[in-house]
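This briefing reviews the packing of the structure shown below.

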Amino acid sequence: MKKYILKRLGLSIGTLLLIILILFSLMQLMPGSPFNDEKLSPAQQERIRDHYGLNDPIPTQFVRYVGQMVRFDFGSSYNISKDTPVSELLKTRLPVSLGLGGLAILIGSFFGLFLGLYAALRHHRIGDTIATFIAVLGVSIPSYVFALLLMYVFGHKLDWFPMLFNAKLGFISYVLPSVALSVSAMATIARFTRTEMIEVFQQDYMLLLEAKGISRTRLILLHALRNASIPLVTVLGPLVVNLMTGSLVVEKIFSVPGIGQLMINAIQSNDYNIVLSLAFVYSAMYIGIMLIVDILYGILDPRIRLTKEAKND
């Protein structure tokens, strides 16, 4: 298992370094400049570029860029908050998006598993039809529609939750945007859980275990869910990253000061450092989550780990 984890870790680090190279190349190829201000003369623009080291030779810039990235030093903002370190901007906004996404994952996973398991246990009955309809509805309707509906009903009509995000209110401000984000994840998890659980229930070993008198609860929790978990882990990986990085539209609707809104503002103002830094953060999170998924594969099904090790040997 140790050898397997080290190989996956090495592959992840190599992928991250390749992403740094791609981001640096994009920074060099991007049209325009964050300093295209009509009030600045060409000489002033050149002095600003010298100040930020943008006129240095390309190899020098690349070495400096890699060194900064591996230390999570993302440089300074050019326009949004001039000369403020990007890491400071992320420090205030990233926890908000992570908290929002984390709560959405918990809500979506819990209700998705419950709904999918309920549908599988009521296969070809009215409960299965209702659960499937709810799952299809959750996938079909965009998250911003649910966001507006939740805001109108629970924020405006019932006045249970604030309509706009307010960090001073704490947990209660996270509820509506997290629920809006979780609907699509819940529906996706429910559909996969239903399909996999139905397939597992039809396996011969499950029929044998049931014939031996094992209780229904133990049969489901210890045997069925474990064997159905690998496809679920596969679909959960990208979902976790998407939710943890937030939804641009949902953050905009609820005025959540997260990294999604920061990304929009940075693109509009040509603040390249922030755009590329956020791209790096997204990539690093995705690689980290997929590394965890690979490790979980090896834990849940040792045959996957042994097969990969045999191929590498």
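Is Phe 111 buried, partly exposed or exposed? In this predicted model, Phe 111 is partly exposed, with a relative accessible area of 43%.

- Phe 165 and Tyr 174 are both buried.

**Contact of α4 with α5**

- Helix α4 (residues 86-121) packs against helix α5 (residues 126-140) at an angle of about 145 degrees, and the axes are 7 Å apart.
- The crossing of α4 past α5 is left-handed.
- On the α4 side the contact is made by Leu 115, Tyr 118 and Ala 119, and on the α5 side by Gly 127, Asp 128, Ala 131, Ile 134 and Ala 135.
- By class, the residues of this contact comprise six nonpolar, one polar and one charged.

**Nonpolar cores**

- In soluble globular proteins, nonpolar side chains tend to be buried together.
- The largest nonpolar core holds 24 residues, and Tyr 65, Phe 74, Leu 90, Ile 274 and Leu 278 have the most contacts inside it.
- At least two residues of this core come from each of α1 (2-29), α3 (58-70), α4, α11 and α12 (272-300).
- Helix α12 provides the largest share of this core, eight residues.
- Beyond its neighbours within four places in sequence, Ile 274 is in contact with Ser 77, Ile 80, Val 86, Leu 89, Leu 262 and Ala 266.
- Another core, of 23 residues, lies apart from the largest one; Val 96, Ala 185, Ile 189 and Val 256 are among its members.

**Helix α11 and the residue after it**

- Helix α11 spans residues 259-268, and its buried residues include Leu 262 and Ala 266, both of which are in contact with Ile 274.
- Ile 259, Gly 260, Gln 261 and Met 263 of α11 are buried as well.
- Just after α11, Asn 270 adopts a positive phi of about 55 degrees.

Terms used. Residues are numbered from 1 along each chain as its sequence is written. This is a predicted model: local features need pLDDT of at least 70, side-chain atom pairs count only at pLDDT 80 or more; totals for chains, interfaces and linings use all residues. Side-chain values use heavy atoms; hydrogens and water are left out. Buried means under 20% relative accessible area, exposed over 50%, partly exposed in between (1.4 Å probe, protein chains only). Helices (H or I, at least four residues) and strands (E, at least two) are DSSP runs, numbered from the N terminus. Axes are lines fitted to C-alpha atoms, for helices over the stretch in contact, and angles run from 0 to 180 degrees between N-to-C directions. A crossing is left-handed if the near helix is turned anticlockwise from the far one by less than a right angle, and right-handed if clockwise. Contact means heavy atoms within 4.5 Å. Ala, Val, Leu, Ile, Met, Phe, Trp, Tyr, Cys and Pro count as nonpolar, Asp, Glu, Lys and Arg as charged, and the others, Gly among them, as polar. A nonpolar core is a set of buried Ala, Val, Leu, Ile, Met, Phe, Trp, Tyr and Cys residues joined through side-chain atoms within 4.5 Å.
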